[in-house]
Amino acid sequence: MTCLFHLLRKYPITIVMYIVVLYLSFFTPPKVDLGNVRFIDKWTHIVMYAGTCGVMWFEYLRQHNRITEKCKLFLLIWLAPVVFSGIVELLQEYCTGGRRSGDWLDLAANTVGVSLAAIIGLLAAKKRPK
């Protein structure tokens, strides 16, 4: 329980972003005519996960002066969102009654978004004054 309170206190915007991602992952999207934009779904996944993980990096760097525990940081800010994304894709495939479908390419796009945010976050951490 203490860990949950700690996360709520240190990463409130990130938690709200993940709630939004969950909502967007399971609601029935409206029909829109974006058929002329190639891979619009994949671009949406990349932006959604890059934005969410970018906020996570911002909140992490705001709380910490420097990166000391690289393994913990990797687990929290790169691996956890990728695993979360995989679980969401599996739930979409098997628990939505056909309204949504899980897609391995969506998982790949989510991983690209998380990786982009990680690269930008690491560069931002390096450029910060000590």
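Before we start, one definition: Ala, Val, Leu, Ile, Met, Phe, Trp, Tyr, Cys and Pro count as nonpolar, Asp, Glu, Lys and Arg as charged, and the others, Gly among them, as polar. We need that for the pocket. Also, please keep in mind that this is a predicted model.

So, the largest pocket. It holds about 400 Å³ of space. Its lining has 14 residues. How do these residues of the lining divide into nonpolar, polar and charged? Eight are nonpolar, four are polar and two are charged. Look for Leu24, Pro29, Asp41, Thr44 and Arg100, which lie nearest the centre of the pocket. Which helix gives the most to this lining? Helix 3 does, with five residues. Helix 2, residues 12–26, also supplies at least two residues.

Next, the aromatic rings. The structure holds four aromatic pairs. A pair of aromatic rings is described by the distance of the centres and the angle of the planes.

Take Tyr23 and Phe27. Their ring centres are 5.1 Å apart, with 10° between the planes. Planes under 30 degrees apart count as stacked, so Tyr23 and Phe27 form a stacked pair. Are these two residues buried or exposed? Tyr23 has 52% relative accessibility, and the cut-off for exposed is over 50%, so Tyr23 counts as exposed. Phe27 has 24% and counts as partly exposed.

Now move to Trp57 and Tyr60. Here the centres are 6.3 Å apart and the planes stand at 75°. Edge-to-face needs an angle over 60 degrees, so this pair is edge-to-face. Where do the two residues sit? Both lie in helix 3, residues 40–63. They are three residues apart, about one turn of the helix. Buried means under 20% relative accessible area. Trp57 has 5%, so Trp57 is buried. Tyr60 has 7%, so Tyr60 is buried too.

Last stop: Asn110. You will find Asn110 in helix 5, residues 104–127. Is Asn110 buried or exposed? Its relative accessibility is 1%, so Asn110 counts as buried. What does Asn110 touch, leaving out residues up to four places away in sequence? The list is His45, Tyr49, Ser85 and Glu89. With Ser85 there is also a polar contact between the side chains, at 2.5 Å.

To recap: we have seen a pocket with helix 3 as the top contributor to its lining, a stacked pair at Tyr23 and Phe27, an edge-to-face pair at Trp57 and Tyr60, and a buried Asn110.

Conventions: Residues are numbered from 1 along each chain as its sequence is written. This is a predicted model: local features need pLDDT of at least 70, side-chain atom pairs count only at pLDDT 80 or more; totals for chains, interfaces and linings use all residues. Side-chain values use heavy atoms; hydrogens and water are left out. Helices (H or I, at least four residues) and strands (E, at least two) are DSSP runs, numbered from the N terminus. Buried means under 20% relative accessible area, exposed over 50%, partly exposed in between (1.4 Å probe, protein chains only). A polar contact is a pair of N or O atoms within 3.5 Å; within protein, one must be able to donate a hydrogen and the other to accept it, and residues adjacent in sequence count only if both atoms are side-chain atoms. Contact means heavy atoms within 4.5 Å. Rings of Phe, Tyr and Trp (its six-membered ring) pair if their centres lie within 6.5 Å; planes under 30 degrees apart count as stacked, over 60 as edge-to-face and the rest as tilted. On a 1 Å grid over the protein atoms alone, a cavity is a set of points where a 1.4 Å probe fits but cannot get out, and a pocket is an open set with protein on both sides within 12 Å along at least five of seven lines; lining residues have an atom within 4 Å of a point. Grid points are joined across faces, edges and corners, and a volume is the space filled by probe spheres set on the points.
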